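Here are my notes on the model, as numbered points.

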Amino acid sequence: MLKDHAKIIHAIAASDEIVGRKKLQKMIYIAKKINYPFHEKFAFHFYGPYSEELTLRIEELCNMGFLNEIKEKKGGYYQYRYTLTESGTEFLELNKVNMPHLKDCLVDMNGQSARFLELVSTVLYFEDLPKEEVKEKIFTLKSKQRYTEEEINQAYYYIDTLNTKAAILS
C-alpha cells in the first residue's frame, strides 16, 4: 500500500512543487500512460482523466504530514499548491522509489499549462482511436475549452516527445 504513496511523494519531490489539483492529476496520468508504474485507476471526468484513488492518496499524504497542501485564493476560485514536507523527505529516504528519469518528464510537464495537460491527457485517454476520431471527441467533449487543430497536433507531438524522453532516459 505505501509503495503507491511513495511514488506520489516521489513525483511531487521530483517536481519540487505542483500548483493545482487538476495539474497534479494530469501529470500522474500522463506519466502512467508513458509507462511509469503508477497504479491509480482513472476514469473520464469533466476535465479529462481523473482518479478518485489519487485524490484520496494525496489527502492521506497530507494528513500523515508528508505533503504540504497550501490553499490560495485566486480571483473567484481556490488553487492548491503541493510540496514535500521534511517528514515526506524522510519517508522517501526510507522507501526508495526506482523510476529512472521520471523527474525529467515531470519537470517538463510542470512547465506546461493545466489546460494543455488536460488536452494531452484527453488525447492519451482515447489513444486507441484513430486521430480523426480523437479530434472529434475533443471538439465534442471539450467544446468549452475551444481547442484548435493546431493545439491537438501539438498535444500529439508533445506525447511523442515525452515517450522519446522516457525511452531514451530509461
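**Notes on the model**

1. Two bridges join β1 to β5, and the two strands run antiparallel. Pairing here requires at least two DSSP bridges between two strands. Helices (H or I, at least four residues) and strands (E, at least two) are DSSP runs, numbered from the N terminus.

2. On provenance: this is a predicted model, in which local features need pLDDT of at least 70 and side-chain atom pairs count only at pLDDT 80 or more, while totals for chains, interfaces and linings use all residues. Residues are numbered from 1 along each chain as its sequence is written, and side-chain values use heavy atoms, with hydrogens and water left out.

3. β4 and β5 are antiparallel and joined by eight bridges. Asn68 has Thr83 of β5 as its bridge partner, and Lys73 has Tyr78 of β5. The two strands form a hairpin with two residues between them, and Gly75 in the turn has a positive phi of about 60°.

4. Together these strands give an open, antiparallel sheet of three, in the order β1-β5-β4. β1 (18-19) and β4 (67-74) are at the edges with a single partner strand each, so one side of each has no neighbour in the sheet. Helix α1 (residues 2-15) packs on the sheet and touches β1, β4 and β5, its direction making about 95° with that of β5. Contact means heavy atoms within 4.5 Å. Axes are lines fitted to C-alpha atoms, for helices over the stretch in contact, and angles run from 0 to 180 degrees between N-to-C directions.

5. α2 and α3 pack at an angle of about 115°, their axes 11 Å apart. Their crossing is right-handed; the term applies if the near helix is turned clockwise from the far one by less than a right angle, and left-handed applies if anticlockwise. Leu24, Gln25 and Ile28 of α2 meet Leu54, Thr55 and Ile58 of α3. This contact has four nonpolar, two polar and no charged residues. For the classes, Ala, Val, Leu, Ile, Met, Phe, Trp, Tyr, Cys and Pro are nonpolar, Asp, Glu, Lys and Arg are charged, and the others, Gly among them, are polar.

6. α2 also meets helix α6 (residues 114-125): the axes come within 9 Å and cross at roughly 35°. This crossing is left-handed. Among the residues in contact are Lys22, Lys23 and Met27 of α2 and Leu117, Glu118 and Leu124 of α6. By class, the contact divides into eight nonpolar, one polar and five charged residues.

7. The largest pocket has a volume of about 590 Å³. A pocket is an open set of points on a 1 Å grid over the protein atoms alone, where a 1.4 Å probe fits, with protein on both sides within 12 Å along at least five of seven lines; lining residues have an atom within 4 Å of a point. Grid points are joined across faces, edges and corners, and the volume is the space filled by probe spheres set on the points.

8. The lining of the largest pocket has 24 residues, with Gly20, Arg21, Lys22, Lys23 and Gln25 nearest its centre. α2 supplies the largest share, six residues.
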